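Subject: Structure handover

Hello,

Here is the structure for you to take over. Please open it first, then read the notes below it.

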Amino acid sequence: MTKEDIFTLLDDNNLLSENKHLILVDGFEKAFLGVSATIPSRAIYDYWVCMDLLVRRDGLDFDDAMDDLDEFISQDLGEQTPIYIKPV
């Protein structure tokens with residue numbers, strides 16, 4: 001699924017807040033789970049799928065992938081900063 005596919009799916013299902021802004025992360029489309037129920041909507045990603053992408057796709061070892069991902073997700077992009085969950 002591409003970013004465009006994700007936006008189309010969300011728009012078709014009326015899952016975007018009225019301002020229609022959403023931050024999607026390049027390269028993590030496979031980890032995309034959905035959007036938050038809050039307003040404004042926030043993209044939600046599976047942390048472990050993001051980790052897997054960094055290890056398998058980018059060739060990072062587990063520790064480097066975790067360090068890179070944790071640093072990346074700690075960046076504050078404002079009220080629409082994506083959410084990363086760790087499903088159990």
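One cut-off before the findings: a residue counts as exposed when its relative accessible area is over 50%, as buried when it is under 20%, and as partly exposed in between. Please also keep in mind that this is a predicted model.

**Salt bridges**

A search of the whole structure gives three salt bridges.

Start with Asp52 and Arg56. Their closest N and O atoms are 2.5 Å apart, and the two form a salt bridge. Both sit in helix α2, residues 47–56. They are four residues apart there, which means a separation of about one helical turn. Arg56 has a relative accessibility of 68%, so it counts as exposed. Asp52 is partly exposed, at 35%.

Next, Asp26 and Lys3. Their side chains meet in a salt bridge at 2.6 Å, N to O. Asp26 lies in the loop between α1 (3–12) and β1 (32–35), while Lys3 belongs to helix α1, so this pair ties together parts that are 23 residues apart in sequence. Asp26 is exposed, with 60% relative accessibility. Lys3 is partly exposed, with 27%.

The remaining pair is Asp58 and Arg57. Here the closest N and O atoms are 2.8 Å apart. Both partners are partly exposed: Asp58 at 40% relative accessibility, and Arg57 at 43%.

As background, side chains of opposite charge can pair when their charged atoms come close.

Now the pairings. β1 and β2 (residues 43–46) are antiparallel and share three bridges. Within that pairing, Phe32 has Tyr45 in β2 as its bridge partner. Gly34 is partnered by Ile44 in β2. On the other pairing, β2 and β3 run parallel, joined by three bridges. Ile44 stands opposite Ile83 in β3.

Is β2 buried or exposed on its two faces? Both faces are covered. Ala43 and Tyr45 are buried on one side, and Ile44 and Asp46 are buried on the other.

**Val35**

Val35 has its place in strand β1. Beyond its neighbours within four places in sequence, Val35 is in contact with Leu10, Leu15, Leu22, Ser41, Arg42 and Ile44.

**Helix α3**

Helix α3 covers residues 62–73. Its twelve residues, at 1.5 Å a residue, should span 16 Å. The end C-alpha atoms are 16 Å apart, which agrees. At the start of α3, a side-chain oxygen of Asp61 comes to within 3.2 Å of the backbone nitrogen of Asp63.

**Backbone points to check**

Most residues other than glycine have a negative phi, and most peptide bonds are trans.

- Ile39 and Pro40 are joined by a cis peptide bond, with omega of about 5°. Pro40 is found in the loop between β1 and β2.
- Asn14 is not a glycine, yet has a positive phi of about 55°. Asn14 belongs to the loop between α1 and β1. With 67% relative accessibility, Asn14 counts as exposed.

That is the handover.

Best wishes

How values were computed. Residues numbered from 1 in each chain as written. Predicted model: local features only at pLDDT ≥ 70, side-chain atom pairs only at ≥ 80, totals over all residues. Heavy atoms only, no water. Salt bridge = Lys/Arg side-chain N within 4 Å of Asp/Glu carboxyl O. Buried < 20%, exposed > 50% of the residue type's maximum accessible area, 1.4 Å probe, protein only. Pairing = 2+ DSSP bridges. Expected span 1.5 Å × (residues − 1). Polar contact = N/O pair within 3.5 Å; in protein donor to acceptor, adjacent residues only side chain to side chain. Contact = heavy atoms within 4.5 Å.
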